[in-house]
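Visitor: Hi! Could you walk me through this structure? I'm new to this.
Guide: Happy to. Here it is.
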Amino acid sequence: MILNPSVVLTMRGPSFLDQLRDAVPDAVVGQNLEALDPWIEIAPDRLADVCRWLAKVSPVRFDSLQCITVVDWLETDPKKAAKVSWQPRLEIVYHLWSTGSKVSLVLKSTLPRWKGDVPGQLPEVPSVAGVWRGADWHEREVYDLSGVWFTGHPDLRRILCPEDWEGYPLRKDYEQPLEYHGIRGR
Amino acid sequence: MSSTIDDDPRIIEFDVRTDEMLVNMGPQHPSTHGVLRLVLRTDGEIVSEVEPHIGYLHRCAEKIGENLTHRQWIPYTDRMDYLAAMNMNLGWALAVEKLMKFEVTEKARHLRVLIVELCRISSHLVGMGAYGLDLGSFSPFLYAFREREKILDLFEEACGARLTYSYITIGGLTADLPPGWLARCEAFLKQFEPIIKEYHTLLTTNAIFVKRTAGIGVLSRDMAIEYGCSGPVLRGSGVDQDMRRDGESIYTAMYDGYAFEVAVMKDGHYPRDHKYPAVPAGTVLGDCWHRFFVRMLEVVQSIDLVRQSIDRYSASKGTVGEPLKLAEKMPIGDAYLETECPKGQMGFYLVSDGSAIPWRARARSSSFSNLAVAPELCRGCLIADVPAIVGSLDIVMGEIDR
């Protein structure tokens with residue numbers, strides 16, 4: 001059963017969000033607990049601390065990482081881009097699961113599309129492979145397809161694409177190569 | 001006589017350490033279930049390190065999803081876990097329905113349970129048959145495929161396809177069952193049920209099979225959870241979790257009123273309402289044998305669920321729903337939903353900007369997480385045990401590479 005995380009934890013003392021705020025100061029920068037899947041927005045540099053708290057300390061242990069996704073918010077069509085209300089950015093989404101309590105939790109974090117707005121410089125996020133070992137492959141996949149650098153990852157390299165592949169296919173402005181080792185693209 | 005330390009070939013091997021050798025297994029190796037490449041670092045017969053290389057079947061399904069409407073992506077989900085395509089269709093359809101806050105008709109709900117559980121049987125039959133093949137026993141494969149063919153015949157009659165169905169769709173199902181189908185399905189179940197005993201004789205209680213799987217590749221409970229393993233791999237380690245019972249309400253509502261017990265070892269025994277063979281001596285919870293056995297139990301459980309759904313489907317009136325309009329606009333927002341597929345928890349994540357095309361379509365593969373644990377399980381095992389361990393995870397590469 002999926003419950004609103006704030007509801008789950010108020011049953012055991014102070015609300016979940018307050019406990020998280022106490023444990024990791026300046027980490028929570030936003031939340032939407034009314035959404036279809038309630039989520040908490042975390043400052044990117046505090047992600048690993050928050051995850052460690054959620055997995056090892058919090059009263060409900062989120063002991064399993066189900067999925068890491070990066071959503072690229074970039075409108076490539078200039079006509080449509082003039083109309084959209086949001087800023088270009090990357091959104092990294094973590095889906096956590098507690099096998100003991102059978103509840104899920106969604107963490108989101110906003111990253112610049114490129115570090116320091118220099119195209120080619122990957123935005124950085126602390127790796128959570130030290131919290132859940134299963135995060136290793138998920139982070140490699142995100143790095144491979146969406147171009148996010150996970151600092152502190154034990155072995156960050158491409159996983160689905162070949163090692164010499166160029167570009168990050170799930171970025172909205174990705175362009176398919178014309179040629180790869182003599183194989184015609186497009 | 002009990003076995004002594006001298007009987008363990010690995011211990012003798014340590015006296016004669018040989019040069020380290022890299023052995024390439026796959027991507028065209030029959031026991032790698034598709035195009036998985038494993039690089040083994042070996043010392044004689046002992047494997048010190050296994051490194052899976054994946055991506056040989058990568059088809060950019062997620063990127064394609066950003067260029068198609070929600071309903072158009074269903075055929076691509078077929079090609080993820082192509083052995084359980086019905087379950088994949090359902091996962092995506094439910095994720096979109098969750099975002100739309102849409103509820104299917106009662107008849108569609110029961111037909112979905114029927115089809116999905118039948119597909120689970122066929123997927124587990126492949127898993128079981130191919131696992132026998134991995135361990136050098138050819139007959140179970142033929143026994144399993146003989147029965148699977150009959151399920152595929154039933155599916156062909158219902159939707160026209162034998163493998164990539166696209167039958168379950170957003171809004172319901174593409175068509176109702178043809179006349180006489182239920183009777184043929186019941187006849188199949190009646191004929192199939194006693195055959196499971198043969199499988200248990202061929203594999204589950206077979207002394208050679210037990211010797212090859214008992215105590216091999218033991219996956220501890222904590223490691224299974226930390227790696228995000230799911231499905232029979234997780235339950236084989238004794239974790240009581242099944243999304244059909246523990247998942248989100250939109251998914252569990254589908255199984256509302258159905259009686260089933262999660263196939264997991266609790267208090268030292270498996271659910272007792274069926275006559276299962278006893279757990280052989282030498283097995284350890286979390287080893288290859290237990291992962292295999294959980295699948296066998298789920299076959300029996302699914303037969304039971306199919307029977308229940310036939311009754312409920314026949315009793316319900318109305319239609320099986322209308323497929324969604326091809327270019328239906330979605331509400332703005334995002335939705336993540338995990339369903340219990342035969343291989344594990346398959347998650348679909350959908351981000352919508354309000355248009356008819358998903359802004360982001362994400363497939364969280366269960367086999368991906370299940371395979372990630374293989375290097376841990378294979379560390380220190382014998383080369384011959386690598387196929388036994390990888391086979392017991394029952395992976396399908398189409399889903400890992402997407």
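Guide: A term to begin with: two strands pair if DSSP finds at least two bridges between them. Keep in mind, too, that this is a predicted model.
Visitor: Okay, so how do β7 and β8 of chain B pair?
Guide: Strand β7 (residues 344–352) of chain B runs antiparallel to β8(B), with 5 bridges between them. Within β8(B), B:Ala363 is the bridge partner of B:Phe348.
Visitor: Which way do the residues of β8(B) point?
Guide: B:Arg360, B:Arg362 and B:Arg364 point one way, while B:Ala361 and B:Ala363 point the other way. In a regular strand, side chains alternate between the two faces of the sheet.
Visitor: New topic! Which residues have the most contacts inside the largest nonpolar core?
Guide: Those are B:Met86 and B:Ile389, in a core of 154 residues. Helix α5 (residues 106–134) of chain B gives this core its largest share, 14 residues.
Visitor: And what does B:Ile389 touch?
Guide: Leaving out residues up to four places away in sequence, its contacts include B:Ile216, B:Cys288 and B:Leu377.
Visitor: What about B:Glu49, why is it called partly exposed?
Guide: B:Glu49 has 15 other C-beta atoms within 10 Å, so it counts as partly exposed; buried would take 20 or more, and exposed 12 or fewer. B:Glu49 lies in strand β3 (residues 46–53) of chain B.
Visitor: How far is B:Glu49 from B:Gly380?
Guide: They are 331 residues apart in sequence and 7.5 Å apart in space, C-alpha to C-alpha.

Key
Residues are numbered from 1 along each chain as its sequence is written. Chains are lettered from A and ligands numbered from 1 in the order in which they are written. This is a predicted model: local features need pLDDT of at least 70, side-chain atom pairs count only at pLDDT 80 or more; totals for chains, interfaces and linings use all residues. Helices (H or I, at least four residues) and strands (E, at least two) are DSSP runs, numbered from the N terminus. A nonpolar core is a set of buried Ala, Val, Leu, Ile, Met, Phe, Trp, Tyr and Cys residues joined through C-beta atoms within 7 Å. Two residues are in contact if their C-beta atoms, placed from the backbone, lie within 7 Å.
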